Amino acid sequence: MVETLFSVDISKAYDDWSLNYDDAQNPTRDADAIVTRAMLQGYSFALGLEWGCGTGKNTSFYSSICDSLTASDFSKGMLDKAKEKTYPGKVEFKEGDILAPWDFASASLDFVACNLILEHVPRLHPVFQETVRVLGRGGMFFISEYHPFRQYLGKSARFEKAGETIHVSAYVHHLSEYWQSVKENGFEIIDLQETFDADVEKKPPRLLSLLLRKK
Ligand SMILES: C[S@@+](CC[C@H](N)C(=O)[O-])C[C@H]1O[C@@H](n2cnc3c(N)ncnc32)[C@H](O)[C@@H]1O
């Protein structure tokens, strides 16, 4: 029988997942790569910060649109995988927790990205607060996350380990929570997209992706 386990030690879970994150079937990971490149096509930035870079799936793209990129994650296993790869631009990898105070001066960056990380943080507001602090005026914040409508069905990040399905602790973020965080932190929405699976009808969208600008 396949057992379902829940992991509340999120960084440890991702250390384990790092062993097959790139190779296992994962439509959410793949859809996120596509929508990220589509929504940010044509943009370029000086200094960027990617949170939850994982094994570097989007780091490669972000390093091609930023003169200099810091890619951060709290899983050493994921970071080690990311560091094995080569990148088209300048990238510095840093171990760090998005929930701790960010080691960047106010208004020092012009791009921040979060892909498939925010389901693991209890509240969006603190992340938005730090983002608005480190971005200069006109700076962009890109978010691409598991859609809340899927979360309502009890779905969340999960992986297989030795015949068991491990569910990583996750928090639901309603559309209204995103909107409140956008509004209260002085962002404007430049683009909002929902990604649906091409071959499945009447299923909720897989991803919610937002491109925001600091006013
Ligand atoms: C589903 S993976 C996504 C990785 C990559 N962004 C991608 O799209 O493939 C989530 C990543 O977020 C990281 N993460 C989760 N919570 C975090 C936190 N509080 N601080 C830093 N990284 C975190 C995990 O370690 C993991 O690498």
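A polar contact is a pair of N or O atoms within 3.5 Å; within protein, one atom must be able to donate a hydrogen and the other to accept it, and residues adjacent in sequence count only if both atoms are side-chain atoms. The legends below use this term.

This is a predicted model, in which local features need pLDDT of at least 70, side-chain atom pairs count only at pLDDT 80 or more, and totals for chains, interfaces and linings use all residues. Residues are numbered from 1 along each chain as its sequence is written, and side-chain values use heavy atoms, with hydrogens and water left out.

**View 1**
The ligand sits in the largest pocket. A pocket is found on a 1 Å grid over the protein atoms alone: it is an open set of points with protein on both sides within 12 Å along at least five of seven lines. A molecule sits in a pocket if more than half of its atoms lie within 2 Å of its grid points. Here, 19 residues surround the ligand. To be near a molecule, a residue needs a heavy atom within 4 Å of it. Tyr21, Gly52, Lys57, Asp73 and Asp97 are the closest. By type, the shell holds eight nonpolar, seven polar and four charged residues. Nonpolar covers Ala, Val, Leu, Ile, Met, Phe, Trp, Tyr, Cys and Pro; charged covers Asp, Glu, Lys and Arg; the others, Gly among them, are polar.

Look for nitrogen atoms of the ligand. The side chain of Asp97 places an N or O atom 2.9 Å from a nitrogen of the ligand. At Phe74, a polar backbone atom is 3.3 Å from a ligand nitrogen. Taken alone, the ligand exposes 590 Å², and the protein buries 99% of that. Such accessible areas come from the Shrake-Rupley method with a 1.4 Å probe; for residues, only the protein chains shown count as cover.

His173 lies in the loop between β8 (164-168) and α7. Helices (H or I, at least four residues) and strands (E, at least two) are DSSP runs, numbered from the N terminus. Is His173 buried or exposed? His173 is buried, because its relative accessible area is 1%. Buried means under 20% relative accessible area, exposed means over 50%, and partly exposed is in between (1.4 Å probe, protein chains only). Which groups does the side chain of His173 reach? One is the backbone oxygen of Leu118, at 2.7 Å. Another is the side chain of Glu177, in a polar contact of 2.8 Å.

Val182 belongs to helix α7 (residues 175-184). With a relative accessible area of 1%, Val182 is buried. Leu124 is 58 residues from Val182 in sequence, yet their C-alpha atoms are 9.7 Å apart. Val112 is part of strand β5 (residues 109-115). Val112 is also buried, at 0% relative accessible area. From Val112 to Lys57, 55 residues apart along the chain, the C-alpha separation is 16 Å.

**View 1. Two residues with positive phi.**
Leu116 is not a glycine, but its phi is positive, at about 55 degrees. Leu116 is in the loop between β5 and α5 (125-134). At 16% relative accessible area, Leu116 is buried. Ala162, another residue other than glycine, has a positive phi near 50 degrees. Ala162 sits in the loop between β7 (158-161) and β8. Ala162 counts as exposed, because its relative accessibility is 79%.

Find Asp30 in helix α2 (residues 27-40). Its relative accessible area is 37%, so Asp30 is partly exposed. The side chain of Asp30 makes a polar contact with the side chain of Arg29 at 2.8 Å. Asp30 and Lys57 are 27 residues apart along the chain, with 9.1 Å between their C-alpha atoms. Gly138 is in strand β6 (residues 135-146). Gly138 counts as partly exposed, at 34% relative accessibility. Between Gly138 and Pro27, 111 residues apart in sequence, the C-alpha distance is 33 Å.

Terms used. On a 1 Å grid over the protein atoms alone, a cavity is a set of points where a 1.4 Å probe fits but cannot get out, and a pocket is an open set with protein on both sides within 12 Å along at least five of seven lines; lining residues have an atom within 4 Å of a point.
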